[in-house]
Structures are given as structure tokens and as C-alpha cells.
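Welcome! Please take a moment to look over the sequence and the model, and then we can walk through them together.

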Amino acid sequence: MKTLPDARIVKPTDVLVNITTTNICGSDLHMYEGRTSFEPGRTFGHENLGRVVEISSAVERVKIGDYVCLPFNIGCGFCENCERGLTVFCLTANPGAAGAGYGFAEMGPWDSGQAESLRVPYADSNCLMLPENATEKEDDYVMLSDIFPTGWHATELAGSRPGDSVAIYGTGPVGLMAAHAAVIKGASQVLVVDTHPDRLALAEKLGATTVNAVGEAAVQKILDLTDGRGTDCVGVNALVISASIHMGMKITPRP
């Protein structure tokens, strides 16, 4: 165990945030367990929320005292990719590569949020301002840093529209957030496939219909629940694409 220096303002576009809530992501575990090039001694944490306690001279939108949620990727806001809305491929924040993030392997030198405070670069672009009830709903708002947008994006990639029936394979955090997103977007039926009863119970609380099965058995159960027609779209991984193809589903791998 060692003590690291406190975060501090470095450039005119920075703010300093006291972290009040941060999540542990599955990708943090990959790095912690040595499956990436993450350097020893660095800290993790890219799902962060907190209160702004210091701002630098070029920051205009963000104010001291604001509660902010910090998306996992860092974007400058003005490069070609950022101006196109592709902030995850920012060309400025990680010199020599496209894409930067807090405390993440090969995504720049940026410190992480599993700490008392965090330096946020290009703050006017990277701080999501929260409403007055931020302190009451921190556990909800921190989901906007990564996991909920990831699940929402999965439904976008699958082309989910109001009235569609949707099948989601896997009830890990992303799968659960994809189910939640599909419900919010007005899906007529959200079917979630897994074999873990505790996770399936969480999916039911989100309004999904659960399927406790794998392979062809899962396919048959979904066909039974959809009068033989299958669903309109599906979020899958490589292990179940072949099973889903038999149902005539539109296949879009979940990120």
C-alpha cells in the first residue's frame, strides 16, 4: 500500500472533483487481474460522480459546488471526432491514439476516480451537470457514467424501436441495463436469457420476461413466448449467435 499525490489542476480547462460515488467495472477487474497492459501502481475507476471543488481559468460552464457525473471516456470537445459526436475516439486527449479514459489501459495517462479527488480535463465537455436531487440519487446518477449508456447503446445497435419484441442474452450489468433501456424505449416484450436465478430475478424487477435456459432450449422457449415468430431484435454474444440465427432474429452483437 502506498499514498499517491492528491489530484490537482494542471491546465486552464481543468476542474477538480471530490469523488462521492464510483463504481467497479468488469474491465477494472481485467486490469487488476493482469489481463491487460495496465501499469502497476496506477489506480482504477472510470465510473465517477462527485462535487466540483475547484475550477481553472478557461472553464465557463461548470461551477464550484456543481454535482457532476463523469462519462468514462475523455473527449476534448473540439477535434474532428468529438465534433462528429464520436467522443470515445477523441484525437486530442490521448496523443498518438484515438480514445482516452480515466485510469484505463492504453487510454492515456489520466488518473482514476477510485480516489478522494479527480482532475477532470476539458471540463466543459466532460462534466454531465446533475440536478438538485443529485445527493439523494447518487446511486442512480452514477450509472450514467458508463453502464446504463452501454446497455442503451446495445439497444440502439440492435435497432430496438417502440413496439418491438427484444431478446437479450445475458443478465450481467450490461444485459440488465439493456433490458431496462428496452423497457424505457417502449418494447412490447423484453425476453432475457440466462441461467442465474438471482440475476433473472433482477431482470423481472425491471419488467422483463425471463428465460432460464441455454442453446436450443432457450430458442424454443422464446419461440413459445412469441407464438413461433421469434423476436424483432436481439443482443447476443458470440456463443449464442448460432442459436439465435435459427430463430430468424436480426443479429447485433452486444458490446
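This is a predicted model: local features need pLDDT of at least 70, side-chain atom pairs count only at pLDDT 80 or more; totals for chains, interfaces and linings use all residues.

Helices (H or I, at least four residues) and strands (E, at least two) are DSSP runs, numbered from the N terminus. Two strands pair if DSSP finds at least two bridges between them. Five strands make up an open sheet, in the order E4-E1-E2-E3-E5, with antiparallel pairing. At the edges are E4 and strand E5 (128-129), each of which pairs on one side only.

Now follow the neighbours across. E1 and E4 pair in the antiparallel sense over four bridges, and Leu-16 has Arg-119 as its bridge partner in E4. Strand E1 (residues 15-22) is also joined to E2, by seven bridges, and the two run antiparallel; here Thr-21 is partnered by Leu-49 in E2. Strand E2 (residues 48-55) is in turn joined to E3 by four bridges, again antiparallel.

Next come the aromatic rings. Rings of Phe, Tyr and Trp (its six-membered ring) pair if their centres lie within 6.5 Å; planes under 30 degrees apart count as stacked, over 60 as edge-to-face and the rest as tilted. By this rule there are four aromatic pairs. In one of them, the rings of Phe-38 and Phe-44 have centres 4.8 Å apart and planes at 25 degrees, so the pair is stacked. Phe-38 is buried, with a relative accessible area of 11%, and Phe-44 is buried too, at 15% (buried means under 20% relative accessible area, exposed over 50%, partly exposed in between, with a 1.4 Å probe and protein chains only). The rings of Phe-78 and Tyr-122 have centres 6.0 Å apart and planes at 75 degrees, so that pair is edge-to-face. Because Phe-78 lies in the loop between strand E3 (67-70) and helix H2 (80-83), and Tyr-122 in the loop between strand E4 (117-120) and helix H3 (123-126), the pair ties together parts that are 44 residues apart in sequence. Tyr-32, Phe-38 and Phe-44 form one aromatic cluster.

Finally, turn to the charges. Side chains of opposite charge can pair when their charged atoms come close. The whole structure holds six salt bridges (a side-chain nitrogen of Lys or Arg within 4 Å of a carboxyl oxygen of Asp or Glu). One of them links Glu-39 and Arg-42, with the closest N and O atoms 3.1 Å apart. Glu-39 is partly exposed at 41%, and Arg-42 is partly exposed at 23%. Another joins Arg-161 to Asp-164, at 3.8 Å between the closest N and O atoms. Arg-161 counts as exposed at 54% relative accessibility, whereas Asp-164 counts as buried at 8%.

How values were computed:
Residues are numbered from 1 along each chain as its sequence is written. Side-chain values use heavy atoms; hydrogens and water are left out.
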